Amino acid sequence: MSFDSAVEAQALFGRLAMDFPEGAFVSRSPIDGAAFGGVAPASPAEVAAAVERAQAAFLAWRSVPAPRRGELVRLFGTVLREEKETLARLVSLEAGKILQEGLGEVQEMIDICDFAVGLSRQLYGLTIATERPGHRMMETWHPLGVVGVISAFNFPVAVWAWNACLAFVCGDAVLWKPSEKTPLAAAAVQALFERAAARFGAAPDHLSQIVQGAREIGEALVDHPKVALVSATGSTRMGRMVAPRVAARFGRVLLELGGNNAMVVAPSADLALAERAIAFAAVGTAGQRCTTLRRLFVHDDIYEQLVPRLKQVWRNVPVGNPLEQGTLVGPLIDGAAFAAMQVALDEARRQGGAVEGGERLLEEIWPNAFYVRPAIVEMPAQSAITLTETFAPILYVMRYATLDEAIAAHNAAPQGLASSIFTNDLREAELFLSAAGSDCGIVNVNIGPSGAEIGGAFGGEKETGGGRESGSDAWRNYMRRATNTINYSRDLPLAQGIDFSIP
């Protein structure tokens, strides 16, 4: 394949080292396994220095009025619009997602910029009724400090933007450790942000910084006492390490961890609509989204209608170079992801599953890349393997007889990120949305679990970590709350009617 777009990105961003300096993180495109850029990793000492620079930037930025801070984010959104296609191609090159999804990811960044600009004039507190005469009580919200963002390879730029754009309008500085699998996209985004900051003209230096590196760099960020909030996206295993370390120093965490997402297809469902939703949710991004559909519960009455249709889609879905028009499934990120997929499929067979698909494709063209046919696995019942998240395009399909049975099986997963039901029965839909229904943070009706938009808070429960990013009131993560009481009387009444008269 041609790497013309990588060369274009190099010229545009001026940041993507093509000569692979000694010790560099070399980025290999999942498309063909070829190296096309590298970045120098940071050291723990450099992380500490970056935190100090970020802290200095925060101390200056926190006093800038929030609507003015929003202007910087507005300019960043303008820059992203100017370079949308080039950045999207770089995301596709480095993460392997199809170009349409790369474009969608950059559009998500633009959308969150727009959301954050509006938010910059809506950082509202409450006026609270007080029991004391001549007093007023209220809440105020203030910038929090340095925000550390640890992101994953599958959304190499959008997740940073969810956090950073809100953090900037809230008055914080941001320090970003991207995935070591996608360092170049992060470097490009930083260059684009600096372009916006130059247009703004009054942003403090080091308001946004990147520290590239592997686990020890993330640990240095997590452990630093001046990082007020660590927002970490990744595996549940990673979250179990991050949360107690930040808690030990009484910092804040925002965790977006694993998902083992499910859909229920009821007898009244529009099967043509469900089929399209299942396909996108299960095979989009080669099954490497945290919201990917992994478990499908189909009612007995429609199982024989729907599942054969899905198998036909799985056999024919276009797999190939993600930069080529018409491709719907690109490669897995690397050989480790392929190996994990094969282990899961072997285990599914041992647990009684009938596997269709899952084989490696295009090896003769790209021997160093890992393309696969998405797998559909009919399981006799939910089992250990269906309750284990595998970051690959595997869809486990199971029958159900009653909705209560389906909801119980749905909620048996240790994670609680995204879920959906396809039904035209109002009672079934409302039950699934109720407290007795799905236990996930994202619950949809007649739409798949994947592909959330930025207006709603994104995140989940249980082993997904409980964090919320992006829209709604997620901005509160990046600010600290103060409760204020003002006495404008000449008396000093005490709360709870306490009499403390000094003789």
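**Exercise 1. Describe the sheet that contains strand 12 and strand 19: what is its strand order, and which strands stand at its edges?**

Step 1. In this predicted model, 7 strands form an open sheet in the order 12-15-16-11-10-18-19, with mixed pairing; strands (E, at least two residues) and helices (H or I, at least four) are DSSP runs numbered from the N terminus, and two strands pair if DSSP finds at least two bridges between them.

Step 2. Strand 12 (354-356) and strand 19 each have a single partner strand and stand at the edges, so one side of each is left without a neighbour in the sheet. From one strand to the next, the twist averages 20°, where axes are lines fitted to C-alpha atoms, for helices over the stretch in contact, and angles between N-to-C directions run from 0 to 180 degrees.

Step 3. Within this sheet, strand 11 (residues 293-299) pairs with strand 16 (residues 394-400) in the parallel sense over 5 bridges, and the bridge partner of H299 in strand 16 is Y400. Helix 12 (residues 335-350) packs on the sheet and touches strand 12, strand 15 (375-378) and strand 16, its direction making about 25° with that of strand 16; contact here means heavy atoms within 4.5 Å.

Step 4. Helix 14 (residues 426-433) lies across strand 10 (261-265), strand 18 (418-422) and strand 19, and runs at about 175° to strand 19.

Before going on, two conventions should be kept in mind. Residues are numbered from 1 along each chain as its sequence is written, and side-chain values use heavy atoms, with hydrogens and water left out. Because the model is predicted, local features need pLDDT of at least 70 and side-chain atom pairs count only at pLDDT 80 or more, while totals for chains, interfaces and linings use all residues.

**Exercise 2. Locate N444 and decide why it counts as buried or exposed.**

Step 1. N444 is placed in strand 19 (residues 442-445).

Step 2. At 19% relative accessibility, N444 counts as buried, since the term means under 20% relative accessible area, with exposed over 50% and partly exposed in between (1.4 Å probe, protein chains only).

Step 3. Leaving aside residues up to four places away in sequence, N444 touches S419, S420, I421, F432 and P449.

**Exercise 3. Classify the ring pair of F76 and F193, and say which parts of the chain the pair ties together.**

Step 1. The structure holds 11 aromatic pairs, counted for rings of Phe, Tyr and Trp (its six-membered ring) whose centres lie within 6.5 Å, with planes under 30 degrees apart called stacked, over 60 edge-to-face and the rest tilted.

Step 2. The rings of F76 and F193 have centres 5.6 Å apart and planes at 75°, so the pair is edge-to-face. F76 lies in helix 3 (residues 66-82) and F193 in helix 7, so the pair ties together parts that are 117 residues apart in sequence.

Step 3. Both residues are buried, F76 at 1% relative accessibility and F193 with a relative accessible area of 3%. Ring pairs link F76, W160, F168, W176 and F193 into a cluster.
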